[in-house]
Amino acid sequence: PDEADTEALRQRALAALLNARERTALLTDSVDDHELTAQHSPLMSPLVWDLAHIGNQEELWLLRGVAGQEAMRPEIDGLYDAFEHPRATRPSLPLLAPAEARVYAAEVRGRALDVLDGTALHGARPLVRAGFAFGMIAQHEQQHDETMLITHQLRSGPAVLTAPVPPPAPADSAGLPGEVLVPGGPFTMGTSTEPWALDNERPAHLRDVPDFFIDTTPVTCGAYQGFIEDGGYTERRWWAPEGWAMVREHELAAPLFWHQDAGQWLRRRFGVTETVPETEPVLHVSWYEADAYARWAGRRLPSEAEWEKAARHDPASGRSLRYPWGDEDPTPERANLGQRHLRPAPAGAYAAGGSPLGVRQLIGDVWEWTSSDFLPYPGFAAFPYREYSEVFFGPAHKVLRGGSFAVDPVACRGTFRNWDLPVRRQIFSGFRTARDI
Ligand code: AVJ
Ligand code: FE
């Protein structure tokens, strides 16, 4: 690789780190110290924990890992180790106060930029090759920014975040079919070439996927209301046994953040109560709710391989693309990402982001539940740490694909894999359905 390539890579890493920090600042400067240290939900950390954890991971991987520096504050490592302390217990830890956490994260960042300047990005070390560790840390910060946005959604009190520009309306969607046939046959799943792909996306491998139909857009709030009004939450036959138990125990009757008032469905979104928009993809449903809706509709969730084939397979060339629209990075014309609109766009938007077969909104808007357990690909190797993916493999976690409006482009691609417990619904999760032919 020549010097111009190396310089472009360095600029890309720098921009990714700066973008992430700008978003972290927005999420942590928009509330006061009391709100930063409060527990808004037992499901979430106090925001100040995420802030210092972001700095601590950056110290661990860029300062100590890449540059071999000594620990800055070894005594705090344990506090910010996600495996030592479950989220619900974090408010009672002797965490760094907001001002200290900001200073710590800024100090780490200053040193990290020096490391970026002084590191040969085309060296043989896997950790720094193609700027991997810098890309990984930018993705890590953006993932916690999405987590912090979930905390913002869960907090009570008046709105502090705004998004004045509305998401785009549906375009050229009048003749959009409800579903398309994805032809059967092998396709390449995962990647061995995407430089900043994380360990669970690797390696590329062939998967044979028989013919199936998949929805061209995510399931909307309006369609989901049909399920509710047809008694979806009161009929056991639609539900997996564990899902039915969850419905009964928590008396679920609608997606999280919805309530009914005088026969109208309303929802709370970032501190504002509004009418549920019928054309918008449904958000804040658990895997069990997505699974039950699909069964009620006479359909099923797509498997993870089906989802990726719909998102990446180009029937004309037989190649797997980086994104549904091709190999170019996301733009605001192609996908709703990066917290720009603070909500999904109506179903049928983003014609420019469609797949070769005409499937839309696979990237951005809502995370999409798949029917699949989170499992390693053949040839998986944990890198650089087992606790990113490997310890979560197994039947307890279901895979989500595609990224939500809250995901930054740096942490979003056709191969990107997210996972969560099937009961979770505070996340920005929706779904689309599929069926056999
Ligand atoms: C990939 C979103 C499931 O937040 O638990 C952040 C990402 N891993 N820090 C999570 C992550 C370590 C992870 N998810
Ligand atoms: Fe983390």
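Student: What makes β1-β4-β12 an open sheet of three strands?

Tutor: The order is β1-β4-β12, with antiparallel pairing. β1 (179-182) and β12 (434-436) stand at the edges, each with a single partner strand, so one side of each has no neighbour in the sheet. Strands here are DSSP runs of E, at least two residues, and helices are runs of H or I, at least four, numbered from the N terminus. This is a predicted model: local features need pLDDT of at least 70, side-chain atom pairs count only at pLDDT 80 or more, and totals for chains, interfaces and linings use all residues. Residues are numbered from 1 along each chain as written, chains are lettered from A and ligands numbered from 1 in the order written, and side-chain values use heavy atoms, without hydrogens and water.

Student: How do you know that strand β4 pairs with β12?

Tutor: Pairing takes at least two DSSP bridges between two strands. Three bridges join β4 (residues 212-215) to β12, so the pair qualifies. I214 has A434 in β12 as its bridge partner.

Student: Why are α1 and α4 called roughly antiparallel?

Tutor: Their axes cross at roughly 175° and come within 11 Å. Axes are lines fitted to C-alpha atoms, for helices over the stretch in contact, and angles run from 0 to 180 degrees between N-to-C directions. Over 145 counts as roughly antiparallel, under 35 as roughly parallel, 65 to 115 as roughly perpendicular, the rest as oblique. The helices are therefore roughly antiparallel.

Student: Which residues of α1 and α4 meet?

Tutor: Contact means heavy atoms within 4.5 Å. Among them are L14, L17 and L18 in α1, and A105, A106 and L113 in α4. By class, the contact has eight nonpolar, one polar and six charged residues. Asp, Glu, Lys and Arg count as charged; Ala, Val, Leu, Ile, Met, Phe, Trp, Tyr, Cys and Pro as nonpolar; the others, Gly among them, as polar.

Student: What makes a residue part of the lining of the largest pocket?

Tutor: A lining residue has an atom within 4 Å of a pocket point. A pocket is an open set of points on a 1 Å grid over the protein atoms alone, where a 1.4 Å probe fits, with protein on both sides within 12 Å along at least five of seven lines. The largest pocket is lined by 44 residues; A82, R87, H144, F392 and W419 lie nearest its centre. The lining divides into 24 nonpolar, 11 polar and nine charged.

Student: Which helix gives the largest share of the lining of the second largest pocket?

Tutor: Helix α1 (residues 3-29), with eight residues.
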